[in-house]
Amino acid sequence: MTMTLPGPDGRPRCRWCAAAPEFPAYHDREWGFPVADDRRLFEKLCLESFQSGLSWRTILVKRDNFRAAFHDFDIERIAAFTGADVERLLQDAGIVRHRGKIEAVINNAARARELVAEAGSLAAFVWRYEADAGSAPEPQTVSTTPAAVALSKALKQRGWKFVGPTTVYAFMQAMGLVNDHAEGCVTRAEAEQARRDFTRP
């Protein structure tokens, strides 16, 4: 089975783009492009944890609601959330109302704050786990990798929650720690160029 399909403009893209109308723009502009901004990295880790057991489309269409509910994923503000905030979020129909995942975001914000003190930034920490490109599996053939397992383990050791290896690998794919665009995908070369130009934190 081919890993690409023609997009709206006729150019080949990763096959998963065809699964929802929201996916092509996300695929072309975000997925696989390297990120060094702590807020964006934290947001993605949180959203991937909310996705667990659900589809990415469910989360993507609610992303603006999540951003509003969690103050644009400001680590300091979320770390200060209280039980009252948990109850507020459980009443917010615009997000996924899962108590465990909401509480995990608050916990992880506190852990992220500690990690920034340890490593200088969240970006500096997670980019330590970028695997050598030569060891990468064929695009979109695995659900996790040794690098994702290692990052997941390191986060869990520091008290993070809902950061299993599959969740972490999805985060790494999206944030450009690996270029997992399919061979032949029109965006693969663009993402790879962005990775070459990217200054690792």
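Reader: Where does His-27 lie?
Author: In this predicted model, His-27 lies in helix H1, which covers residues 23-29.

Reader: Buried or exposed?
Author: Buried. His-27 has a relative accessibility of 0%, so it falls under the 20% cut-off.

Reader: What does His-27 touch, leaving out neighbours within four places in sequence?
Author: Its contacts are Arg-13, Cys-14, Trp-16, Cys-17, Phe-33, His-181, Cys-185 and Thr-187.

Reader: Which side chain makes a polar contact with the one of His-27?
Author: Asp-28. The two side chains are joined by a polar contact of 2.8 Å.

Reader: Which residues does the UniProt annotation "binding site" cover?
Author: Cys-14, His-27, His-181 and Cys-185, according to an unreviewed UniProt entry. They span 172 residues in sequence, yet no two of their C-alpha atoms are more than 10.4 Å apart, so the four gather at one spot.

Reader: Take Cys-14. Which strand is Cys-14 in?
Author: Strand E2, residues 12-14. Cys-14 is buried, at 1% relative accessible area.

Reader: What is Cys-14 in contact with, neighbours within four places aside?
Author: Three of its contacts carry the annotation too: His-27, His-181 and Cys-185. Cys-14 is also in contact with Met-3, Thr-4, Trp-31, Gln-140 and Ala-182.

Reader: Switching to pockets. What volume does the largest pocket have?
Author: About 360 Å³.

Reader: How many residues line the largest pocket, and which lie nearest its centre?
Author: The lining has 17 residues. Nearest the centre are Glu-48, Gln-51, Trp-56, Ala-170 and Gln-173.

Reader: Which helices each supply at least two residues of that lining?
Author: H1, H2 (38-51) and H10 (165-174). The largest share, six residues, comes from H10.

Reader: How do the residues of that lining divide into nonpolar, polar and charged?
Author: Nine are nonpolar, six polar and two charged.

Reader: And what about the second largest pocket, what volume?
Author: About 310 Å³. Its lining has 20 residues. Asp-132, Ala-133, Ala-136, Pro-137 and Val-178 lie nearest the centre.

Reader: Which helices each supply at least two residues there?
Author: H9 (146-157), H10 and H11 (188-197). H11 gives the largest share, with three residues.

Reader: How does the lining of the second largest pocket divide?
Author: Eleven nonpolar residues, three polar and six charged.

Reader: Back to H2. Lys-44 is found there. Is Lys-44 buried or exposed?
Author: Buried. Lys-44 has a relative accessible area of 4%.

Reader: Which side chain is joined to Lys-44 by a polar contact?
Author: Tyr-26, at 2.9 Å, side chain to side chain.

Reader: What else does Lys-44 touch, residues up to four places away not counted?
Author: Besides Tyr-26, Lys-44 touches Trp-56, Phe-171, Ala-174 and Met-175. Trp-56 is also one of the residues nearest the centre of the largest pocket.

Reader: Next, Ile-59. Which helix?
Author: Helix H3, residues 56-61. Ile-59 is buried, with 0% relative accessibility.

Reader: How many Å separate the C-alpha atoms of Ile-59 and Glu-48?
Author: 8.3 Å. The two residues are eleven apart along the chain.

Reader: What is Ile-59 in contact with, neighbours within four places left aside?
Author: Leu-47, Phe-50, Gln-51, Leu-54, Phe-66 and Val-96. Of these, Gln-51 is also listed among the residues nearest the centre of the largest pocket.

Reader: Now backbone angles. What is phi of Phe-73?
Author: Near 55°, a positive value in a residue other than glycine. Phe-73 is found in the loop between H4 (63-69) and H5 (75-79).

Reader: Is Phe-73 buried or exposed?
Author: Buried, with a relative accessible area of 0%.

Reader: And what is phi of Phe-162?
Author: Phi of Phe-162 is near 55° as well, positive in a residue other than glycine. Phe-162 is found in the loop between H9 and H10.

Reader: What does Phe-162 count as by relative accessibility?
Author: Partly exposed, at 35%.

Note on methods:
Residues are numbered from 1 along each chain as its sequence is written. This is a predicted model: local features need pLDDT of at least 70, side-chain atom pairs count only at pLDDT 80 or more; totals for chains, interfaces and linings use all residues. Side-chain values use heavy atoms; hydrogens and water are left out. UniProt positions are given in the numbering used here, feature names are shortened, and annotations may be inferred rather than shown by experiment. Helices (H or I, at least four residues) and strands (E, at least two) are DSSP runs, numbered from the N terminus. Buried means under 20% relative accessible area, exposed over 50%, partly exposed in between (1.4 Å probe, protein chains only). Contact means heavy atoms within 4.5 Å. A polar contact is a pair of N or O atoms within 3.5 Å; within protein, one must be able to donate a hydrogen and the other to accept it, and residues adjacent in sequence count only if both atoms are side-chain atoms. On a 1 Å grid over the protein atoms alone, a cavity is a set of points where a 1.4 Å probe fits but cannot get out, and a pocket is an open set with protein on both sides within 12 Å along at least five of seven lines; lining residues have an atom within 4 Å of a point. Grid points are joined across faces, edges and corners, and a volume is the space filled by probe spheres set on the points. Ala, Val, Leu, Ile, Met, Phe, Trp, Tyr, Cys and Pro count as nonpolar, Asp, Glu, Lys and Arg as charged, and the others, Gly among them, as polar.
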